[in-house]
Amino acid sequence: MTYAVVTGWGKCLPPSILSNADLATFLDTSDEWIRTRTGIAERRIAHTGLTDMAEVAARRALAAAGMAPSQVELVVFGTTSFDDQAPNQASGLQQVLGATAAAAMDVNTACTSFLYAWSTANALIRTGVVKNALVVGGEVISRFMDWRNRNVAVLFGDGCAALVLEATDREEGLLGEKLGCDVGGRDALVIRGMGSRYADFSRRMGVTEWVFDGPEIFRRAVAGMARAAHEVLAARGLTPADVDLLVPHQANLRIIEAVAQKLSIPAERAFVNVQRYGNMSAATVPVALVEALEEGRVRPGSLLLMPAFGAGLTWCAH
């Protein structure tokens, strides 16, 4: 049986830091207000386009895998904040890398986009369509932020990370996944100003107004992530006690803590970097995974659990 092992990884975080104190200069907020409600201290703001960040992350991942861009057979890019919607984001990355032999596709499920992209690439490798894939999760949410809205402006940041997957006959890599969507909560998170419905000039494209029902998102996110995690573990005959490291979507410290509590996973077995970057949407899980590897939190044979949720409200666990 064929599996898809992770052979390379890399990240790219913009150097520009937007601190809570910086936000307090133009919003009615404070460092204490933000930290106590979200656990976030700062976030990164991109000074380049998404393709530029993705190229750095991808080249680092390919170097780690010892793979030339010309060998890449598939690029799958998970994002909501495209440089261009047409042509797609993945082909832009393919072009700058020189990955001329690759197919290229985007996946947009909001904050779960990277994990859905991983599922897509994993399936195509396991069914023999391709032998390897470059999977990317990245966002430049700052370009679409409503900086007047304190409820969302304090939460989000920019970033990108990438993985290289290669076919193997060893049972490793992505071993199980559970995907779903709590569509009843779809209207709890809407970014008005992104999409063709605004092409009638009722709102200037790119000038956004965010609908963000925090309490409703919190409730549905915790429930969806915990349920998905229990189901994907049970499908493999495992329990949360078997998990070596929880690497969840980094949206809000309270959500991470609530999910860990529902799974009975102690804090020391949960990887958290939301304090440094805020919610990077599709980039949160891959950046957290790369940093867990860099910090030695992932060792040979480690069992990782990666639950996430996003607008839609999509949810998953890998």
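A search of the whole structure finds three aromatic pairs. Rings of Phe, Tyr and Trp (its six-membered ring) pair if their centres lie within 6.5 Å; planes under 30 degrees apart are stacked, over 60 edge-to-face, and the rest tilted. The model is predicted, so to speak of local features takes pLDDT of at least 70 and side-chain atom pairs count only at pLDDT 80 or more, while totals for chains, interfaces and linings use all residues. Residues are numbered from 1 along each chain as its sequence is written, and side-chain values use heavy atoms, with hydrogens and water left out.

Take Phe26 and Trp147. Their ring centres are 6.3 Å apart and their planes stand at 70°, so this pair is edge-to-face. Phe26 sits in the loop between α1 (20-23) and α2 (31-38). Trp147 sits in the loop between β6 (132-139) and α6 (150-153), 121 residues apart from Phe26. Helices (H or I, at least four residues) and strands (E, at least two) are DSSP runs, numbered from the N terminus. Phe26 is partly exposed, with a relative accessible area of 45%. Trp147 is partly exposed too, at 28%. The cut-offs are under 20% relative accessible area for buried, over 50% for exposed, and in between for partly exposed (1.4 Å probe, protein chains only).

Phe156 and Trp210 form another pair. Their centres lie 5.1 Å apart with the planes at 50°, so the pair is tilted. Phe156 belongs to the loop between α6 and β7 (159-168), and Trp210 to strand β10 (residues 209-212), so the pair ties together parts 54 residues apart in sequence. Phe156 counts as buried at 6% relative accessibility. Trp210 is buried, with a relative accessible area of 6%.

Charges also meet rings. A charge sits over a ring if NZ of Lys or CZ of Arg is within 6 Å of the ring centre and within 35 degrees of the ring normal. Arg150 lies over the face of Trp33, 4.1 Å from the ring centre. The charged end of Arg227 sits over the ring of Trp315, at 4.9 Å from its centre.

Next, Pro14. This residue lies in the loop between β1 and β2 (17-19). Pro14 is buried, with 3% relative accessible area. Beyond residues up to four places away in sequence, Pro14 touches Arg44, Ile45, Ala46, Met53, Asp158 and Gly159. Contact means heavy atoms within 4.5 Å. Pro14 and His47 are 33 residues apart in sequence, yet 7.1 Å apart in space, C-alpha to C-alpha.

Asn122 lies in helix α5 (residues 113-126). Asn122 counts as buried at 2% relative accessibility. Leaving aside neighbours within four places in sequence, Asn122 contacts Ala4, Leu165, Leu174 and Glu177.

A pocket, on a 1 Å grid over the protein atoms alone, is an open set of points where a 1.4 Å probe fits, with protein on both sides within 12 Å along at least five of seven lines; lining residues have an atom within 4 Å of a point. Grid points are joined across faces, edges and corners, and a volume is the space filled by probe spheres set on the points.

The largest pocket has a volume of about 960 Å³. It is lined by 32 residues, and Thr80, Asn108, Ile191, Met194 and Gly195 are the closest to its centre. Strand β9 (residues 189-192) gives the most to this lining, three residues.

The second largest pocket has a volume of about 690 Å³. Its lining holds 28 residues, with Gly173, Leu174, Ser302, Leu303 and Leu304 nearest the centre. Strand β1 supplies the largest share of that lining, three residues.
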